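Let's take a walk through a protein structure together.

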Amino acid sequence: MMDNSGLDRRQFLKTAATVAVGAHVAASSARAQDGQKLRMGLVGCGGQGTVLLTNALRVPEIEWVATCDIVEEKAKGAAERIEEGGNVPTFTNYQDMLESVEMDAVAIAVPLHWHAPIAIAAFETGLHVFCEKCMAYTVDECKDMIRAQMSANKILQIGHHLRYHPLYWHAKRTFVEGGLLGQITSVYAQWNRNNSWRRPVAIEGDFTEWGYPDADHLVNWRLYQEYSGGLMTELASHQIDVVTWMLDRTPTAVQGMGGVDFYDDGRTVPDNVHVSFQYPGGVTFDYISGTTNAFSIFGNQCHEVIKGTEGTLVMTHLNPGPTDSMGWFFPEEGTQREIWMDMAHKTDIGGHEAILLDATVTEGPPLAGQPISTLIDEEGHLQKMTYQVEFEEFVISCREMKLPSCDGMIGMKSAADAIMANQAIATGETLPFPEDMYEVTM
Amino acid sequence: MRSAQAVDNQHGGLEVGAGDYRLRRREEAMGSVFQIILDGDRPEVELRALIESAFTDVVHPLEMQLSHYRPSSDIGWINSRAHREPVPVEPRLFELLVECSELTSLTRGAFDITVGPLIRCWGFYRKDGRVPPSEEISRALDVVGMHHVILDPEARTVAFDREGVELNLGGIGKGYVVDRVVEYLRHHGADCALAESGGSTIYALGQPPIDPEGWRLGIRPAGQDTERLGAVHLVDQALSTSGDFRRFFVEDGVRYGHIVDPRSGWPAQGVRAACSITSSATRADALSTAFVVLGPEDTEALCSNNGECALMMTLDEEDSPEINQIGCEPLERTRPPDAGG
């Protein structure tokens with residue numbers, strides 16, 4: 001069972017890699033131990049950077065001391081968000097920020113192909129790193145990030161925010177580990193939208209230094225293979241991470257289909273993907289992500305369906321309306337169904353009677369120092385956004401040199417799976433996963 | 001020649017002629033449907049990117065920020081702790097709160113974003129309306145009023161002077177999001193668009209291609225499926241309508257609408273619906289609510305002193321709608337209001 005001590009992952013590192021784990025739990029800086037604020041810089045002040053900053057500003061243990069974006073007005077906007085009329089220094093080059101600002105950590109929310117270079121530079125400067133998902137553009141870059149982290153003896157946390165979601169913890173502890181699903185045999189997930197994913201371009205400038213021939217390639221970096229793995233890395237990696245977490249295992253093979261079939265707008269990443277992963281024990285995970293139809297029987301563009309011998313678990317997030325996330329359990333006929341149905345809060349989903357998940361009953365170790373049951377109410381309202389909780393844990397991890405719930409080894413798994421799926425789509429072949437896929441050697 | 005065809009939203013007695021525009025997109029947001037119509041001589045791929053991103057980058061993030069249902073929204077976060085300590089606020093939201101405070105002053109308290117406890121007290125949050133005991137109304141009134149809200153522009157924080165005070169942007173949030181969408185569209189080069197929330201709050205940007213007089217919006221008697229009373233033409237203007245036609249209850253033969261007067265603690269009576277036509281959707285949204293609370297006489301004074309414009313709908317003794325135009329005559333009558341359907 002996974003818990004916040006990170007013990008399992010340390011054990012994993014010991015067996016799967018030849019890294020100096022002992023150094024990882026060595027004493028942290030005197031400043032962090034003194035309980036002073038964690039001084040952070042933000043690299044990347046676009047949409048996701050703003051989401052992170054907005055939520056992290058609610059964490060009083062963090063002091064934001066610098067912002068950086070290659071679009072100057074975005075860096076200044078973030079600085080203004082931190083402090084009215086602010087004295088927070090802004091940068092357009094992350095190296096300048098790293099060299100000139102005294103701080104303890106950075107948060108990285110930039111196009112995918114820049115994750116690894118910036119994270120590694122931050123470790124080399126002696127900083128902790130919070131890096132948005134997907135972890136990196138290539139598997140080798142993921143491993144380079146972990147090596148840099150180990151060498152620096154700092155914390156690396158990856159922003160798979162569903163690892164900080166009480167409903168998903170409830171699913172993991174109560175239904176998966178609690179055995180209520182029985183033996184898990186298959187998983188299905190989707191993230192379907194009716195949206196071209198393209199954004200209008202309203203900035204000007206020369207960004208060739210950073211690899212973008214024009215502003216469109218910067219603004220719409222998710223649509224171009226040079227910078228992103230498209231739907232697999234930007235959306236699917238969230239759900240792959242959930243499946244990895246719930247199954248507590250990684251795939252052995254993947255096959256896939258997809259392409260640029262609808263949007264004739266110059267993009268080079270598929271506008272639809274359909275991939276199948278195979279896991280040990282014959283478990284399969286089918287995944288679809290598209291951009292032309294948002295329908296879901298669960299009323300949500302995005303959901304995961306975990307099927308076991310005793311029942312089916314469905315989880316959603318990004319719901320419209322006042323409740324962000326919902327989950328349901330559908331017991332199988334001939335199991336404990338009648339007992340369940342007598343006891344539980346029932347609802348109707350597509351003509352099927354389902355049990356509404358209530359994460360306020362979640363037991364077990366705390367998340368980011370707080371009982372999981374307190375992070376959500378009975379109606380499913382999150383008391384804090386997941387992004388806030390992940391930063392609360394980041395502070396604890398940096399202060400106590402404690403592995404976060406989503407560290408680099410975890411982030412690498414979903415990144416590697418997404419990258420492998422893209423290769424399977426490109427080649428049209430069933431790709432076996434190399435045995436050393438997730439191993440890191442120093 | 002293109003012509004206006006479809007009639008889309010009729011929720012608030014307001015009809016938006018969609019017509020033959022290049023792009024229209026609707027998505028659920030803020031408890032209703034948000035719609036954007038976009039035109040312009042630009043490549044299809046650009047227009048589509050713009051209209052989609054207006055939802056993903058503006059409408060939905062703002063919904064998350066402003067919702068008073070979500071404890072994790074900025075408003076939920078403020079409501080849960082501003083009675084204990086000043087809470088830092090995002091710059092644009094702080095500007096909005098300042099504007100709310102100014103609108104409370106302008107309307108002499110008829111518009112007030114702290115009215116939530118009264119709405120709850122009357123059962124309108126859970127759609128379980130009833131006349132509460134007077135002591136409940138008194139208790140709610142103790143925590144209602146912008147004078148309980150301390151806005152510090154230097155620190156950009158908000159604080160409450162007592163526990164129980166809460167912010168609810170239900171009377172202005174739709175308009176604010178409409179304005180932010182229009183701002184976003186303008187920033188990205190659009191000069192011909194219409195953004196509306198829930199069929200009740202609209203901003204008309206620029207000149208529509210099919211009508212040189214402006215964006216034509218039909219006005220119907222609120223809550224009735226009869227023909228239009230008339231229409232208005234808007235260019236770079238906002239229109240918002242408020243009324244008690246959708247959420248109300250009847251007890252002992254008295255109809256109680258969901259718009260509660262923050263000053264008295266009782267639902268507004270007399271005006272069935274009111275429209276504000278003004279420079280911004282934020283202002284129009286708030287003023288239309290205030291007009292219902294103020295009634296015709298005080299609305300006339302407000303409009304006269306501040307150059308505002310209002311349409312007020314009341315029912316005569318035979319329940320036929322009567323329209324009173326205040327401050328200007330924007331309504332182009334298509335048939336007499338008492339002619340029936």
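Two strands pair if DSSP finds at least two bridges between them. Helices (H or I, at least four residues) and strands (E, at least two) are themselves DSSP runs, numbered from the N terminus. Before we start, please note that this is a predicted model, where local features need pLDDT of at least 70 and side-chain atom pairs count only at pLDDT 80 or more, while totals for chains, interfaces and linings use all residues. Residues are numbered from 1 along each chain as its sequence is written, chains are lettered from A and ligands numbered from 1 in the order in which they are written, and side-chain values use heavy atoms, with hydrogens and water left out.

Our first stop is in chain B. Strand β4(B) pairs with β6 (residues 157-160) of chain B in the antiparallel sense, over 2 bridges. At one of the places where they meet, B:Val87 has B:Val158 of β6(B) as its bridge partner. Helix α3 (residues 91-106) of chain B packs on the sheet and touches β5 and β6 of chain B; here contact means heavy atoms within 4.5 Å. The direction of this helix makes about 130 degrees with that of β5(B), using lines fitted to C-alpha atoms (for helices over the stretch in contact) and angles from 0 to 180 degrees between N-to-C directions. What is the strand order of this open sheet? It is β4-β6-β5 (chain B), with antiparallel pairing. The edge strands are β4 (87-88) and β5 (149-152) of chain B, because each pairs on one side only.

Elsewhere in chain B there is a hairpin. Strands β12 (residues 248-251) and β13 (residues 254-257) of chain B run antiparallel and are joined by 4 bridges. B:Glu251 stands opposite B:Val254 in β13(B). The hairpin has 2 residues between its strands, and B:Asp252 takes a positive phi near 50 degrees.

Now find B:Ser72, in the loop between α1 (44-66) and α2 (74-81) of chain B. Is B:Ser72 buried or exposed? It counts as buried, at 7% relative accessibility; buried means under 20% relative accessible area, exposed over 50%, and partly exposed in between (1.4 Å probe, protein chains only). Leaving out residues up to four places away in sequence, B:Ser72 touches A:Arg58, A:Leu382, A:Gln383, A:Lys384 and A:Met385.

One buried residue is A:Met145, with a relative accessible area of 0%. A:Met145 lies in helix α7 (residues 139-152) of chain A. Its contacts beyond four places in sequence include A:Ala116, A:Phe123 and A:Leu156.

Our last stop is helix α10 (residues 231-247) of chain A. With 17 residues, α10(A) reaches 22 Å from its first C-alpha to its last, close to the 24 Å expected at 1.5 Å a residue; the expected span is 1.5 Å times one less than the number of residues. α10(A) has a kink of about 50 degrees centred on A:Ser237, where the bend is the angle between axes fitted to the seven residues ending there and the seven starting there. The helix is mostly covered, with 17 of its 17 residues buried. After α10(A) comes A:Asp248, whose phi is positive, near 55 degrees.
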